[in-house]
Amino acid sequence: MSSDNGQRSGGAQGAVPEQLALIREAVRKNKAPKAKPRTWRGAALAKELPVARVLVDKGVLHLDRYFDYAVPEELDAAAQPGVRVRVRFGAGGRNVREGRREGGSLIDGFLVERVAESDYAGPLAALAQVVSPEPVLGPELLGLARAVADRYAGSLADVLQLAVPPRHGRAEARKTGDPPPPPAAPDPGSWRRYGRGADFLSALASGGAPRAVWTALPGPQWAEEIARAVQATLASGRGALVVLPAGRPVARVDSALRELFGEGQHAVLTADAGPERRYREWLAVRRGAVRAVVGTRAAMFAPVRDLGLVVVWDDGDASHSDDRAPFPHVREVLELRSTRDKCAFLLGSWSCTVEAAQLVESGWAAPLVADREQVRATAPLVRTVGDAELARDEAARAARLPSLAWQVAREGLRHGPVLVQVPRRGYVPRLACARCREPARCRWCAGPLQARDAGGGALCCGWCGREEGAWHCPECGGFRLRAQVVGARRTAEELGRAFPAVPVRTSGREQVLDTVSGAPALVVSTPGAEPVAEGGYAAALLLDGWAMLGRPDLRAGEDALRRWIGAAALVRDQGAGGTVVVVAEPTLRPVQALVRWDPVGHAVRELAERAELGFPPVSRMAAVSGTAEAVAEVLADAELPRDAEVLGPVPLPVTDAGRPRTVGAPPPGERWERALVRVPPGSGAALAAALKSAVAARMARGGSGVEAVRVRIDPPDIG
DNA sequence: AGCACGCCGACT
DNA sequence: GTCGGCGTGCTC
């Protein structure tokens, strides 16, 4: 038997003083001398709870567990749960027989817990350094991060990297004040426009935890309504967290909050704030000096004290999906927080995602909606221009713009600004029935059919890869397919030339306008970049119908409706003459939903259809991508739930410098495949766990040099 | 990723 | 008998 089984409790005398000195030296200089003993028995250890459980900050899945370290006496006081530490980690320089360890590189970690004994059989290395005594990782945040990592088949360290901002010494040294006294409960204000709006607010104010999917009425009042919900929660003595998709809406809610109860009650957490300011604000929240947080997606983890309410605005916006592993989505994370912390949940949007509809359908959240009369009174008049009219319309042929759009623009410009929504470049058209526009789907798995190569040769399924030799439309029996392409940007330019007396302003990716005045102007914007007009737009032209609906994406319909509504909600109500023209077939479901201003009905129908076809979110999907061998191996090794169904794998397009947004895109030049795995509701956790352990086992087995496999739960842009 | 351990062949 | 090749596995 080895003389060193690590179980004896720090007894060996002889070496202690020198070794302690060496450790002190190491701690002071933050750099280890070459042959430095740092063992269980070597160092003088903390008298109470001498073992620290440490999460090492490496995102690798097979290291996704805690490692035990000895707590040297001199670090005892600072080494509290939640602090950042540095430890030696790695197989560096081991000599177990002599009971000594040396080497290994210094890496960052979080001290998670202090315990009396370790269940590790070897000698423990000592903590090298407590980076700062600030306990940044409290038990709630740790629990949340763990749950998010599990849900997304990711590692805790990866999630913590998203959740805890990098340390900034100066920010940490600043003292934080006491929180101001909570404001009084607000008047319901415009929440009275919604059936149960006032009830929702008073539930918040009295300490309740209501959960709602709120379909906001068009117009600018939503920000103030969110601010009132925050105020009601603060009034109950609890904290609140609001996550918005971008800086502009954050600024709107920020100023609504200032107007309601001034400075000092809330912090703004956005990515563009710079490291010092970001950490300072985050610390103020964690220390309890600030009770409310407004921010973009990284704020979803903000350690708000005694959380009473979480809010997500416009959950259909793609920015709510984090772009770093494991790609958590704000809505899902806030759902987890609401459940774990038993706090209120408010998902608000002018539109409605299928996920939001599912929250209502499942009974998890209650709908918070205005009645039809109220909706009709607040929304603009929506008119459509379909193919039939376009065909009959000589003016449209000549000018590439339907007569109706001309009329509405001309009339609108007499009363104020007119918004023109044009598509962003780069939408990939999808195949649809040339006759009825039904999307072409695979007859086996209902995935989207694609032309195998650009020439339009063989058809195959984008999910399972099966070839389709004899497609015909299941709706109308048509045999011909078409891919829609539009060029509406130029149309807008022509429109500008047609009204030479009117200023044309543009807002898009490169330069986003925040607001425009109420004076007559043509405002050309890509979706999501629409400026708010003072007093509302007199009219809007939505010229991108086909580009929006033609994308090869499950969400094409939902997205189109969301973007149309996002533009139309900036238009005056129909009583004030507000009119919207959408150039799209009036029989299509998203178009009808826009005309009736019924995003919820649209989402509910989409949800029913997804359930029928086995699509997310009614089923949970995971994408596994990597080289063909790697994908096959992971799928073979994973103990997938019994009801799991594997689609594919299919080859992924080889990455060429131009396309960043593909899921799990391979490193340039490599040939990768992707398989989709889908499971029915309820098996999502088992699916994530199975894939995570298969990938972890593979990494541990293969060591270095094994090609990576990427797993992504809820892959976006599938199809 | 990095580094030590260990089981093999070539050398003094 | 001993040095050192790289394949394998672990990191408290």
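Modeller: Helices (H or I, at least four residues) and strands (E, at least two) are DSSP runs, numbered from the N terminus. This is a predicted model, where local features need pLDDT of at least 70 and side-chain atom pairs count only at pLDDT 80 or more, while totals for chains, interfaces and linings use all residues. Residues are numbered from 1 along each chain as its sequence is written, chains are lettered from A, and side-chain values use heavy atoms, with hydrogens and water left out.

Biologist: How many helices and strands does chain A have?

Modeller: Chain A has 21 helices and 31 strands.

Biologist: And what share of chain A is buried?

Modeller: Of its 719 residues, 54% count as buried. Buried means under 20% relative accessible area, exposed over 50%, and partly exposed in between, with a 1.4 Å probe and protein chains only.

Biologist: What is the accessible surface of chain A?

Modeller: About 31000 Å², with 51% of that belonging to carbon and sulfur atoms. The areas come from the Shrake-Rupley method with a 1.4 Å probe; for residues, only the protein chains shown count as cover.

Biologist: Is Cys 473 buried or exposed?

Modeller: Cys 473 is buried, because its relative accessible area is 1%. Cys 343 also counts as buried, at 1% relative accessibility.

Biologist: Now strand β1. Which strands is β1 joined to?

Modeller: Strand β1 runs antiparallel to β2 (residues 66–70), with five bridges between them. Six bridges join β1 to β6 (residues 105–115), again antiparallel. Two strands pair if DSSP finds at least two bridges between them.

Biologist: Why is β1 described as largely enclosed?

Modeller: Because five of the six residues of β1 (residues 51–56) are buried.

Biologist: What about the largest nonpolar core?

Modeller: That core has 77 residues, and Leu 241, Phe 301, Leu 334 and Val 624 have the most contacts inside it. Apart from it lies another core of 66 residues, including Trp 222 and Leu 570. A nonpolar core is a set of buried Ala, Val, Leu, Ile, Met, Phe, Trp, Tyr and Cys residues joined through side-chain atoms within 4.5 Å.

Biologist: What does Val 624 touch?

Modeller: Leaving out residues up to four places away in sequence, Val 624 touches, among others, Val 631, Leu 635, Leu 691 and Val 711. Contact means heavy atoms within 4.5 Å.

Biologist: Which strands make up the open sheet of four?

Modeller: The order is β29-β30-β28-β31, with antiparallel pairing. The edge strands are β29 (645–651) and β31 (710–713), each pairing on one side only. Four bridges join β28 (residues 620–626) to β31, and Ala 623 has Arg 712 as its bridge partner there.

Biologist: Where does helix α20 lie?

Modeller: Helix α20 (residues 628–637) lies across β28, β29 and β30 (673–679), at about 140° to β28. Axes are lines fitted to C-alpha atoms, for helices over the stretch in contact, and angles run from 0 to 180 degrees between N-to-C directions.

Biologist: Last one: where is Asp 317?

Modeller: Asp 317 is in the loop between β12 (307–313) and α9 (330–341). At 18% relative accessibility, Asp 317 counts as buried. Beyond its neighbours within four places in sequence, Asp 317 is in contact with Pro 245 and Arg 562.
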